[in-house]
Amino acid sequence: MSNQEPSLSEQHEIRLEKLEKLRNSGVNPYPYEFDITHLSKDILDQENELITTSDSQNSAKRVSVAGRVMTRRIMGKASFFNLQDSSGTIQVYIRRDDVGVDEYNTVFKKMVDIGDIVGIKGFVFKTRTGETTIHAEEFQLLSKTLRPIPLPKEVEGKDGEKVVYDAFSDKELRYRQRYVDLIVNPHVREVFRKRTHMVQSMRNFLNEHGYLEVETPVLQPIYGGAAAKPFVTHHNALDMRLYLRIANELYLKRLIVGGFDGVYEFSKDFRNEGLSRFHNPEFTQVELYVAYKDYRWMMEFTEKMIEYVAKTLHGSTKVTVGDKEIDFKTPWKRIPMFEAIKQETGYDLYQKSEDEVREIAKILHIEIEPSMGKGKLIDEIFGEYVEPKLIQPVFITDYPIEMSPLAKKHREKEGLVERFEAICNGKEIANAFSELNDPIDQRERFEEQLRLREEGDEEAMEIDEDFIRALEYGMPPTAGLGVGIDRLAMIMTNSESIRDVLFFPQMRPE
């Protein structure tokens, strides 16, 4: 294999041998700490202040940085390498006469590999080509890597353009080995920084309006607040079945009963469903409940909050997603659900019976299962014919009562509830109600859900007697909202899949 690169297993063995040699020579390949004064971006941003204007190195300001060795150019008694830290990359110049013969010849030249984490202390200067560079005066190995970093190779093609080979671009591998993805694809780190910034901006918006951030149980004796299959677990000490929450709605509304006027929670929720571009069984949402408000007020609040997020992240209400430009400028369009369905299918489903809706669904070639009730059938028609076409943010309003067991009956339209979903880029990003606070009506809705469950609908809700008891103590008129953080992050970061905005998405076993 003289003309071939060593295999991964051979490279692993070579690095293990280097590790042993380092230890035998008295070098600790995994020291405990290293003091850092600057990140690479700090140095590049502050180069005018850090680069010495004097011929004397003694007057230069010193910096201390740490990161991974990403490239090396060995040139006898002196070398250059690129160091990558959390903020970016900077060039380092290292010389035998500065760091010492053993440190340079034995450690740096022979024992350090691409990907190793090192610490550098020195001063900043500019090379003859004008590149800001750290002149290393001290060098320390901080972590010896045993696996090679899969760095892409860049060569010049026949037409002079650069061609990249062996990029770490396989999505399946990137999701499984996110730690490698973050090392070799720095743009991925920016996606997650932007996601965090998005959440912080929402939290700031909610706090500025005086709402209280709270925490509610993840382990619940009865799951509720959404139509979904739960994950089931068992508490040994109490010998009882528990569920990972599918939503935190019913607990937050208990707090409104208890006297809080506005509460919200960024929550991890869990739904035992399939994987797709828009679905992960573990996901994040923020739920907000505000007393003495209704869904009309919540519509205005929602569009203002998401407009605020877009401006905070992008400096504009306009966000590029793929080949589309989405504008979150308020006010957003509002369309009643049945009107939207009629526009796309020609069928008016309002006040149609379950059998009539079923027949229309068959005509529209919707896949139907016997367990599907009227609400599920309408939802399937909407999801097939309407939702994918809604690219600009829009509020779909006034849902059929069969689809919304926790929403208040519409004050004007028979058979509907006061509910809206915010839809953008072809998918729901938020859901909200004028919350049902009539305990008798709520019990009847739960009982209807129980009937659907008995007919085979595994996603139908169970009766939560304690929640009904809470309502019997009196809950004021309340508006509730849930925003899907992962889906909103997909839009705000121009990401194709929910897996692109989750550090560690759920994967099938290797």
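Q: Which residues does Asn280 touch, once those up to four places away in sequence are not counted?
A: In this predicted model, Asn280 touches Glu273, Leu275, Ile498, Leu502, Pro505 and Gln506, when residues up to four places away in sequence are not counted. Asn280 itself lies in the loop between β12 (262-270) and β13 (282-291).

Q: Is Asn280 buried or exposed?
A: A residue is called buried when its relative accessible area is under 20%. Asn280 has a relative accessibility of 5%, and therefore counts as buried.

Q: Which backbone atoms does the side chain of Asn280 reach?
A: The side chain of Asn280 reaches the backbone oxygen of Glu282 at 2.7 Å, and a polar atom of that side chain also lies 3.1 Å from the backbone nitrogen of Gln506.

Q: How should I read Arg358, and is that residue buried or exposed?
A: The cut-off of under 20% applies here as well, and because its relative accessible area is 15%, Arg358 is buried. Arg358 is found in helix α12, which covers residues 354-363, and, leaving aside neighbours within four places in sequence, Arg358 is in contact with Ile368, Glu369, Pro370, Met372 and Leu377.

Q: What is the general idea behind a nonpolar core, and how many residues has the largest one here?
A: In soluble globular proteins, nonpolar side chains tend to be buried together. In this structure the largest nonpolar core has 46 residues, and those with the most contacts inside it are Met198, Met202, Leu288, Met298, Phe328, Leu481 and Met492. Helix α10, residues 295-314, gives the most to this core, with nine residues.

Q: Which residues is Met492 in contact with, leaving aside its neighbours within four places in sequence?
A: Met492 is in contact with Lys194, Met198, Ile306, Val309, Ala310, Leu313, His314, Val319 and Phe328, with those sequence neighbours left aside. There is also a second, separate core of 41 residues, which includes Ile366, Met403, Leu406 and Leu471.

Key: Residues numbered from 1 in each chain as written. Predicted model: local features only at pLDDT ≥ 70, side-chain atom pairs only at ≥ 80, totals over all residues. Heavy atoms only, no water. Core = buried A, V, L, I, M, F, W, Y, C linked by side-chain atoms within 4.5 Å. Buried < 20%, exposed > 50% of the residue type's maximum accessible area, 1.4 Å probe, protein only. Helix = DSSP H or I, 4+ residues; strand = E, 2+ residues; numbered from the N terminus. Contact = heavy atoms within 4.5 Å. Polar contact = N/O pair within 3.5 Å; in protein donor to acceptor, adjacent residues only side chain to side chain.
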